[in-house]
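Hi,

Here is the structure I promised to hand over. Have a look at it first, then read on for what turned up.

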Amino acid sequence: MDQNLCNALRDLLFAQKFQYPGKGYTENQFRFVAVLPDHSGACDALVHFAYDSPVWVRAGVPSDVIDVVEHIRIFILGTEYSEHQIGIVNHRHLRDGWPLPWEVTARADHHNFPTIVAVERADGSVAGAVMRDPHVSNSEFRIADGYAEPAEASALIERLRAAEQYTLVEGLYKDSDIDAPSILEAVATSPKTVHGQAMVILYREDEWLKGLWNDPEMGIEIPMTLTKVSTHLPCRVSESKRAERPALDVARDGQVMAGDYQLLMALASQLQPASCRPEALFELNPCVIELCEWWNQRAPEGQRSAGCFSLYLWKGKDKVFVPCHGGGEPPMTAEQIVNVPCYSLFEQPGQPTLAAVFYRGKEFNEACPIGTQVFFADGQLAFEIGLDPDEVDEAYNSVTGLEVLRQSLLAMKSA
């Protein structure tokens, strides 16, 4: 089979959709498909595919790889390619990426998302490249974290512009170079999705910003707002931006009360690793209960309903509080944490500083249109999460944070 025949089979496969009668939408069965001649001679062609298992689960179809491969095999038997010897290869795209050439890959519009990566000059003009985001990795984080300083950002732009079309750079595929008098003019003349959208990742005044462009000609009158990538993701920022961040004193002045450092360290040391297992009800962990009781006995009236907490480590060099529980939550500056109503700093000379933010327990959570509302210990809304109330146990972050501290203490003792 030559490449033209391979592409025709590719398009037949990629056109397959799961139908949902009465729901008004369909879903692609596959994330990516590429079919290439097999030059080894073992067969006529190789079908390469990637799929998202939840899509198959929603459709009520067996979703194991072996089932999907058999599904493809049966489909091919019903086409004009049934007499060809065709191999089938699955790729775990979220773990390993997509290894096939982008130019021969069938993909949906939203997995070929136009993304402008550019540097803005002092006069407002921009230089960069139009890229395509397959949404296989978090390219915003990779770019912001890997190219925080001005010289690094410039080097990235040079690398993008030097790349050939379809080259993969930092998780994005090269489309074309772009130069424009302003970022708005750049995005207005760039490719869009079928819905008139494009992503912008812009280096402006020593930091990376991001925003979504909606083409007003498509009837979406939403102006593009550029926000700092570092407010959404735990990425590096440039030295000049770090210098602008407030010092720890700002957070110290804004805390409800000073924490008991010895108590926190003792609780971390006492934590039983078995309590980190997912079947546990984390709010009932004795260490979680004790720190919440410490808060509830001392906090001002009206703030004494703590049932869990999140721990943050102060990174003096970066001037941010980094979440101990991980999970992709961005760090907070001292200026940001003072907007949190219920927190204490745990400090001891010569030791790392930690902050604990206290929340009401699980019994206070409330259902909302997107899932569940979680509240600070004083009753103010903290955040909404897209899970049913019975699935939410924010004390998991409490136990995970204490476990990180426990491991740190063990490492210090063995050093």
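Glu244 is exposed, at 57% relative accessible area, where exposed means over 50%, buried under 20% and partly exposed in between (1.4 Å probe, protein chains only). Before going further: this is a predicted model, so local features need pLDDT of at least 70 and side-chain atom pairs count only at pLDDT 80 or more, while totals for chains, interfaces and linings use all residues. Residues are numbered from 1 along each chain as its sequence is written, and side-chain values use heavy atoms, with hydrogens and water left out.

Back to Glu244: its side chain meets that of Lys241 in a salt bridge (3.6 Å, N to O). By salt bridge I mean a side-chain nitrogen of Lys or Arg within 4 Å of a carboxyl oxygen of Asp or Glu. Lys241 is buried, with a relative accessible area of 14%. Helices (H or I, at least four residues) and strands (E, at least two) are DSSP runs, numbered from the N terminus.

Helix 8 also holds Arg242, which is buried at 15% relative accessible area. The side chain of Arg242 forms a salt bridge with Asp318 (3.8 Å, N to O). Asp318 lies in the loop between strand 14 (306-315) and strand 15, so this pair ties together parts that are 76 residues apart in sequence. Asp318 itself is partly exposed, at 31%.

Next comes helix 9 (residues 248-254), where Asp249 and Arg252 are three residues apart and thus separated by about one helical turn. They form a salt bridge too, with the closest N and O atoms 2.3 Å apart. Asp249 is partly exposed at 45% relative accessible area, and Arg252 is also partly exposed, at 31%. How many salt bridges does a search of the whole structure find? The count is 19.

You'll find Pro331 in the loop between strand 15 (320-323) and helix 12 (334-337), and at 15% relative accessibility it counts as buried. Its contacts (heavy atoms within 4.5 Å) include Leu233, Pro234, Phe321 and Gln336, leaving aside residues up to four places away in sequence. From Pro331 to Arg252 is 79 residues in sequence and 17 Å in space, C-alpha to C-alpha.

Four strands make an open sheet in the order 5-4-3-6, with mixed pairing; two strands pair if DSSP finds at least two bridges between them. Strand 5 (86-90) and strand 6 (106-107) are the edges, each pairing on one side only. Helix 1 (residues 3-14) packs on the sheet, touching strand 3, strand 4 (45-50), strand 5 and strand 6, and its direction makes about 155° with that of strand 3. Those angles run from 0 to 180 degrees between N-to-C directions, using axes fitted to C-alpha atoms, for helices over the stretch in contact. Helix 3 (residues 65-77) lies across strand 4 and strand 5, at about 150° to strand 5. Strand 3 (residues 32-37) and strand 6 run antiparallel, joined by two bridges, and Phe32 has Arg107 in strand 6 as its bridge partner.

Cheers
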